[in-house]
Amino acid sequence: MDASILVVLVWALPLLAILAIIIRIVFVSRKKHLHSSEDITSNVQPTDPSSCSSSSSSAPPTWDVFLSFYGKDTRNGFTSHLYSALDQQGILTFRDDPALDKGQEISSGLLEAIKHSKIFIIVLSENYARSPWCLNELVQILKCKTTEFQVIPVFFYVDPTDVRYQKGSFREALDGHKRRHSVAMIEKWKSALSEIAALSGHHLRKEANKNESDTIQDIVRNVATRAYTTVSHQEKYLFGIDSAVEQIYKKLNMDHNDVRVLGICGMGGIGKTTIAKAFYDKYSHIFDVSCFNENVRHYSQGGSSLLPLLKQLLIDLLAKNDCKVFDVESRISKLKQILYFKKALVILDDLDQSNYSELLASLGDLFSAGSRVIITTRDTNLLNKIEADTSKVDMYMVPPLDQIDSLELFSYHAFRKPVPPENFKELSLSFVTYAGGLPLALKVLGSSLLGRTCEFWKAKLEKVKEIPENDIHKILRLSYDELEDETEKTIFLDIAFFFVGKNKDEAVQIFNSCDFHPDVGIPVLVDRCLMTIDTDNKFQMHNLIQDMGRKLGRRTRLILRGNVWDDLQNLEEKSDIEGLILDFRTSGYGQASAERMPKLRLLQIIGEPDIKGNFKNLFPNLRCITWHSCPWTHIPSTFCPPKLVFFDMPSSKFKILWKGSTPMMNYLTCLDLRNCRNLKRLPESLGDMKALKNIDASGTAIEKLPDSITQLKGLVDLNLYNCKKLRKLPEDFGNMEGLEIFDASLSAIEQLPDSFGGLVNLVELYLAYCKKLRNLPNSICKLKLLEVLDLSSSSNLEQLPEQLGNMQSLETVHASYTAIEQVPDSIGLLGKTGLGRCEG
C-alpha cells in the first residue's frame with residue numbers, strides 16, 4: 001500500500017471513530033421526559049433481513065419514531081428541524097442516515113431499530129429513490145408495520161402520484177438501478193413506493209402558503225399522540241376487560257363518519273375507569289389525536305373546573321407540558337384549531353352534574369367528523385342532558401364480574417396467583433360472594449388478607465357477614481380498621497383529605513416533620529390497595545376510598561364552603577382541628593380574623609378572601625399552607641408558624657415576601673412562589689432558612705438573588721424558569737453544594753459565575769432560551785455528576801467548554817438553535833460513558 005495512503009488512514013481513522021460515536025449514540029429527551037436506551041447495535045444477533053419475527057415484534061419498542069430520509073436532500077434542513085422538534089417533545093427518535101454507511105445491505109442493528117420502533121416517518125424527497133439503502137429500508141418498514149397508522153409519509157416537494165406510479169425523478173432513479181440490481185429487487189421497490197404513496201401523510205408544496213415549520217408542528221402533534229398512547233395505563237391483575245372493550249367498540253360504530261358520545265356507567269368501584277383505560281390503550285392509535293383525562297371531578301376542587309381541564313386537554317393533545325394559553329376563551333380557540341380537521345378520541349373520566357354543563361357546552365361543537373367522546377360517570381341521567389346537545393349518544397352499563405373472574409381477581413390479590421390453595425378455597429368463595437362482583441371490593445379484601453392465617457380469615461369473614469349487602473363503604477372500612485399503627489391511619493386520612501393528586505415527596509417531608517414515619521406507612525397503604533402512586537409520583541385514590549377517608553376524618557378535618565365567614569366564626573371544637581380547607585369562591589364579601597387552632601397541621605385557602613389580624617401563636621403545629629392567588633402584598637410579620645414545612649402560595653400578589661428578619665422558622669423545606677408576577681426580590685434573610693430544599697420562583701419579576709442564598713447548602717432544587725429580568729447569579733453561587741436541579745431557562749442571565757463548578761452534586765442544568773448567554777465557564781466541566789445539559793435556543797451561545805469530555809456522567813446535551821459551530825474535540829470521550837446524542 002502507498003505510504004501516503006497509510007499516513008492518511010492513520011490520521012483519519014481516529015477522527016472517523018469519534019464521528020461514529022457521536023452519530024450513533026442515543027439522544028434522550030429533556031426534563032420530565034427522560035428516556036434511557038443502549039446503542040441500537042449492541043448485543044444484536046444476526047437477523048434474517050427478509051422477515052420480522054413475531055418474537056422480535058412483540059418485544060417492547062426501543063424507539064418512538066424511526067426517521068427515514070435521503071440525507072443529501074434534507075439532512076441539514078427539514079429533517080434536522082423535524083428531529084429537533086420531535087426530541088423537544090420527549091419523542092425518542094432513531095435518525096438513520098445512509099451517508100454514514102458505505103454499504104447497501106441493511107445491517108442487523110438497523111433491522112432491530114425498525115422492528116423495535118412504534119412509528120415510521122418517511123421523508124420522500126426528489127432523490128429519495130436514488131438510494132438503494134433508502135429503498136431497502138422502505139421495504140423493511142412496510143413489511144414490519146402492523147397497521148397503516150404506523151407509517152407517516154412526508155411528500156417533500158414531490159407529487160404523491162410521481163411516487164405512486166414512479167414518474168419523474170422516481171422513474172429516472174429506478175431506471176438507473178436496473179444496471180446493478182435484479183428485476184425482482186426493482187419490482188419490490190416499485191411495490192413499496194406505490195404502497196407508501198397510497199397512505200395518508202403530509203405534503204409540502206412550493207405553491208402552498210403553509211411553511212415547513214407549520215408542517216413540522218403538525219407532524220409532531222400527529223406523532224406525539226400515537227407515541228405516547230402506546231404506553232399502557234393498566235394495572236396488573238385485570239379480568240373481564242376484553243369483552244367489555246369490544247362491546248364498547250361496537251357501540252361506537254367506528255365505521256360511521258359522525259361525532260358520537262358514549263357513557264360508561266355503573267356504581268363506584270365497578271371498573272368504569274379501568275375499562276375506559278383498556279379501550280384507550282387498544283384503540284387510541286386509530287385516531288389522529290387522543291387524550292385520556294382522568295378524574296375530571298378533582299379539577300373543581302381548586303377553583304373553576306373548566307380552566308384547568310382545558311389546560312390539561314391542551315397538554316395531552318399537543319403533547320406539550322408548557323401550555324402558554326391562560327384563559328378559557330383562548331384555550332377553547334386553541335382546542336378548536338387542534339380538533340377542527342382531526343378525528344379525535346377524548347375520554348373524560350368521572351364526569352358528574354357539577355362539571356357537565358360548563359364543559360360540554362364549551363366543547364360540544366369543536367369535534368370533527370369521526371371523533372368519539374367517552375365519559376365515565378355514576379350518573380346515568382347525565383346522558384340525557386348530553387343527548388340534548390349531541391344526537392348520537394349511547395350507554396354501556398358495566399356489569400359486575402362473574403364468579404370465575406371474581407375469584408381470579410381476588411386470588412391474585414390474596415395469594416398472587418389465579419387459584420386459591422385448596423385449604424382456602426371455601427373461604428375465598430365466601431369473600432367473593434360478599435364482594436358482589438365489585439372489582440374494588442375484591443382488590444381491597446384480597447390485599448387485606450395477603451399473608452394472613454386461616455384464623456384471621458375466618459374472623460374477618462364474620463365481620464363481613466355483618467355488613468349489609470352492597471354497603472361498599474363498610475367493606476372498604478375494614479381495611480382501614482385493620483391498619484395496625486395509628487400513624488398509618490393518620491397518613492391515610494391526611495392523604496384522603498389533602499394530598500390526592502399531589503406530589504409524594506412533598507407530602508413525605510410534611511409527614512416526616514410530624515414523626516409519622518411515612519417510609520413505613522405509605523407502602524402499607526399501597527399494599528392494602530387503599531391508594532396508589534402514579535408515574536408522576538403523585539398520590540391517587542379511588543373516589544369511594546377517598547370519600548370513606550373524608551367521612552372517617554370529618555371530625556378533625558373540615559371543608560367549609562358557602563357561608564365560610566359565619567361557619568368559621570361559629571366553629572366548635574377548634575382545638576381538635578388538624579386539617580382545614582376554606583373555599584371562599586361562593587362566599588359574600590367579609591373579613592375574618594383567624595383564631596387559635598393548636599392542632600392545625602394542614603391549611604388550604606381557595607379564593608381571595610380578606611383575612612386580617614394578629615396571627616401570632618395561632619398555629620403552633622401548622623406544617624403546610626396552600627393559598628393560590630393570595631391577595632397579600634407581603635406576609636404579615638405576626639404570621640410565623642414555627643413548624644411550617646411547606647409554603648405553597650403561587651400566583652399571589654406579593655411584592656416582597658416579608659419585611660425584616662424571616663418570620664418562618666427552621667423547619668421550612670419548600671417555598672413555592674411560582675408566577676408571583678409582582679415579586680421583584682427575595683428577602684436578604686433567605687439564607688437563614690437552612691432547611692430549605694426546594695425553591696420555585698419561576699415566572700416572577702426578580703432581578704437578582706440575595707447573596708445569602710449561597711448559604712443554603714442543603715437546597716436541592718432551584719427553579720428560576722421564565723424569570724425574564726434575572727441577569728446574574730451571586731458570585732458564590734457554587735457554594736450551594738447540595739443543589740441537584742437548576743433551571744434558569746428563559747431568563748436574562750448573561751453568564752454563570754466561575755464558582756459554578758462547586759455544584760458538585762448537580763444532575764440537571766437547564767439554560768434553554770437564555771438569549772443573552774454567550775459562553776459557559778470552564779469550571780462547569782468539574783460537574784462530574786451532571787447528566788442533562790439543556791442549552792437549546794440560547795441563540796448567542798457560541799461555544800462549549802473545551803474539556804466537556806471530562807463530564808463523565810453526561811448523557812444528554814441539547815444545543816440546537818445556538819450559535820455553536822463546532823463541538824470540542826474532547827466530546828468524543830463521552831461515548832465511553834453512553835452519552836446521548838449531542839446536537840449543535
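**Exercise 1. Surroundings of Asp672**

Task: State which residues Asp672 is in contact with once its neighbours within four places in sequence are left aside, and decide whether Asp672 is buried or exposed.

Solution: With those sequence neighbours set aside, the contacts of Asp672 are Phe647, Asp648, Met649, Pro650 and Asp696. The model examined here and in the exercises below is a predicted one. As for its place in the secondary structure, Asp672 is found in strand β20, which covers residues 670-672. The relative accessible area of Asp672 is 9%, and since buried means under 20%, Asp672 is therefore classed as buried.

**Exercise 2. Lys784 in its loop**

Task: Locate Lys784 in the secondary structure, find which residues it contacts beyond four places in sequence, and classify its accessibility.

Solution: Lys784 sits in the loop that runs between β24 (764-766) and β25 (788-790). Beyond its neighbours within four places in sequence, Lys784 is in contact with Asn806, Gln808 and Ser809. For Ser809, which is 25 residues away along the chain, the C-alpha separation from Lys784 is 6.1 Å. The relative accessible area of Lys784 is 37%, a value that lies between the 20% and 50% limits, so Lys784 counts as partly exposed.

**Exercise 3. The partners of strand β1**

Task: Determine how many bridges join β1 to β3 and how many join β1 to β2, and name the residues that stand opposite Phe66 in β3 and in β2.

Solution: Begin with β1 itself, residues 63-68, which is mostly covered, six of its six residues being buried. Toward strand β3 (residues 117-124) there are five bridges, and the two strands run parallel; toward strand β2 (residues 93-95) there are three bridges, again in the parallel sense. The residue of β3 that stands opposite Phe66 is Phe120, while in β2 the bridge partner of Phe66 is Phe94. As background to such pairings, strands of a sheet are held to one another through backbone hydrogen bonds, in either a parallel or an antiparallel arrangement.

**Exercise 4. Aromatic rings and charges**

Task: Count the aromatic pairs of the structure, decide whether the pair Phe497 and Phe498 is stacked or edge-to-face, do likewise for Trp632 and Phe639, and find which charged residues lie over the rings of Phe456 and Phe498.

Solution: The structure holds 26 aromatic pairs. For Phe497 and Phe498 the centres are 5.9 Å apart and the planes make 25 degrees, and because stacked means under 30 degrees, this pair is stacked. For Trp632 and Phe639 the centre-to-centre distance is 6.0 Å and the angle between the planes is 65 degrees, which makes the pair edge-to-face.

Turning to accessibility, Phe497 and Phe498 are both buried. Trp632 has a relative accessibility of 11% and so counts as buried, and Phe639, at 3%, counts as buried as well.

A cluster is also formed by ring pairs that link Phe410, Phe415, Phe424, Phe431 and Trp457. As for the charges, Lys502 lies over the face of Phe498 at 4.3 Å from the ring centre, and Arg452 lies over the face of Phe456 at 4.2 Å from the ring centre.

**Exercise 5. The chain as a whole**

Task: State how many helices and strands the protein chain has, and what percentage of its residues count as buried.

Solution: The secondary structure comprises 26 helices and 27 strands. Of the 840 residues, 53% count as buried. The accessible surface comes to about 37,800 Å², with 49% of it belonging to carbon and sulfur atoms. Finally, of the contacts between residues at least 6 apart in sequence, 62% join residues at least 24 apart.

Technical notes. Residues numbered from 1 in each chain as written. Predicted model: local features only at pLDDT ≥ 70, side-chain atom pairs only at ≥ 80, totals over all residues. Heavy atoms only, no water. Buried < 20%, exposed > 50% of the residue type's maximum accessible area, 1.4 Å probe, protein only. Helix = DSSP H or I, 4+ residues; strand = E, 2+ residues; numbered from the N terminus. Pairing = 2+ DSSP bridges. Phe/Tyr/Trp six-rings, centres within 6.5 Å; stacked < 30°, edge-to-face > 60°. Lys NZ or Arg CZ within 6 Å of the ring centre and 35° of its normal. Contact = heavy atoms within 4.5 Å. Areas by Shrake-Rupley, 256 points an atom, 1.4 Å probe, with all protein chains shown as cover.
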